[in-house]
Amino acid sequence: MPRIDLKQGEQKKHVARALKEIRAGYVIVAPLEHGYVYLADAFSPFAVRAMHVLRGDETGVVAQVLAHSLDTVKGISRDVSPDTQNLCNKFWPGLLSVTLRPSSVLNWDLGDDKALDWFNVRVPKSKFVRALLKESGPLAVASASHAGEAPMLKIDRTKIKDWNVAVVFDNGPLKSGPRSTIVEADSGGVRVVREEAISIAEMEKVTSRLSLA
């Protein structure tokens, strides 16, 4: 199992390698703010299923989506209100996850067999992953830890050989931290689902039109 040290070499080459594997339909491992994650092409049902299998997810679990920017998100959602855009402009890149209505022309299956008319997305801070997203487009993401376990903060090199992924991008030990704050947004308003890294008080400085889900 190839392991690439992100602290060595050129980021451009690392992104090119990651992009090659993603486009070939494989799952990779990469670092986010507070944990290592699986990444896969959001538009490849096979790759998304493989990611769920790696985690041991139950049937119907939906993968989150990562995007490079708000512009990207506006292209894959049919309803990004001004209040939602204000929140995203303030807290992206960062630990704000937004649940939105997908565009009617999207052809993907994030694990729900297209049964849910929602998807959850955020723009991460990770320089490597954001550089990848700029080239790859939206990616499906899930913690590299087994379902129900704490985030993986360090790559166990002794276990890499047993992982059924194309490549592991290692950035060393990561700092633990809070989970993302989750809001659900549509034409009916913005509802707070989970208050974690970003507080309601912080969000109310951007928009007062918040309610609890």
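Buried means under 20% relative accessible area, exposed means over 50%, and partly exposed lies in between. The exercises below apply this to a predicted model.

**Exercise 1. Decide whether R55 and D57 are buried or exposed, and state what joins them.**

Step 1. R55 has a relative accessibility of 13%. The cut-off for buried is under 20%, so R55 counts as buried.

Step 2. D57 has a relative accessibility of 16%, so D57 counts as buried.

Step 3. R55 and D57 form a salt bridge, and their closest N and O atoms are 3.2 Å apart.

**Exercise 2. Find which residue forms a salt bridge with D170, and where the two partners lie in the chain.**

Step 1. The partner of D170 is R3, with the closest N and O atoms 3.2 Å apart.

Step 2. D170 belongs to strand 8 (residues 167-170) and R3 to strand 1 (residues 3-5). The two are 167 residues apart, so the pair links distant parts of the chain.

Step 3. D170 counts as buried at 5% relative accessibility, whereas R3 is partly exposed at 31%.

Step 4. This pair belongs to a structure that holds 11 salt bridges.

**Exercise 3. Describe the salt bridge of D117 and R101, and name the network that contains it.**

Step 1. The side chains of D117 and R101 meet at 3.5 Å, N to O.

Step 2. Both residues are in the loop between strand 5 (96-100) and strand 6 (119-122), 16 residues apart.

Step 3. D117 has a relative accessible area of 32% and is partly exposed. R101, at 22%, also counts as partly exposed.

Step 4. Salt bridges with shared partners join R78, R101, D117, E184, D186 and R191 into one network.

**Exercise 4. Work out how strand 3 pairs with other strands.**

Step 1. Strand 3 covers residues 35-41, and six of its seven residues are buried.

Step 2. Strand 2 (residues 28-32) is joined to strand 3 by five bridges, and the two run antiparallel. L32 has G35 as its bridge partner in strand 3.

Step 3. Strand 2 and strand 3 form a hairpin, with two residues between them.

Step 4. Strand 7 (residues 139-143) is also joined to strand 3 by five bridges, again antiparallel. Here L39 stands opposite V141 in strand 7.

**Exercise 5. Show which side of helix 2 is buried and what it packs against.**

Step 1. Helix 2 spans residues 45-55, and its residues A47, V48, M51, H52 and R55 are buried.

Step 2. These residues cover an arc of only 140° around the axis, so they are on the same side of helix 2.

Step 3. On the other side, F46 and V53 are exposed.

Step 4. The buried residues of helix 2 pack against strand 3 and strand 7.

Step 5. Just after helix 2 comes G56, with a positive phi of about 75°.

**Exercise 6. Identify the nonpolar cores and the contacts of M203.**

Step 1. In soluble globular proteins, nonpolar side chains tend to be buried together.

Step 2. The largest nonpolar core in this model has 47 residues, and W92, L96 and M203 have the most contacts inside it.

Step 3. Leaving aside neighbours within four places in sequence, M203 is in contact with L87, F91, L96, T181, V183, V192, I198 and L210.

Step 4. Another core lies apart from the largest one and has 21 residues, among them L6, I28, A166 and V167.

**Exercise 7. Locate Q85 and find its contacts.**

Step 1. Q85 is in helix 4 (residues 82-91).

Step 2. At 21% relative accessibility, Q85 counts as partly exposed, because buried requires a value under 20%.

Step 3. Apart from neighbours within four places in sequence, Q85 is in contact with L70, K74 and V80.

Step 4. Between Q85 and A213 the C-alpha to C-alpha distance is 19 Å, and the two are 128 residues apart in sequence.

Terms used:
Residues are numbered from 1 along each chain as its sequence is written. This is a predicted model: local features need pLDDT of at least 70, side-chain atom pairs count only at pLDDT 80 or more; totals for chains, interfaces and linings use all residues. Side-chain values use heavy atoms; hydrogens and water are left out. A salt bridge is a side-chain nitrogen of Lys or Arg within 4 Å of a carboxyl oxygen of Asp or Glu. Helices (H or I, at least four residues) and strands (E, at least two) are DSSP runs, numbered from the N terminus. Buried means under 20% relative accessible area, exposed over 50%, partly exposed in between (1.4 Å probe, protein chains only). A nonpolar core is a set of buried Ala, Val, Leu, Ile, Met, Phe, Trp, Tyr and Cys residues joined through side-chain atoms within 4.5 Å. Contact means heavy atoms within 4.5 Å. Two strands pair if DSSP finds at least two bridges between them. The arc is that of the directions from the helix axis to the C-beta atoms.
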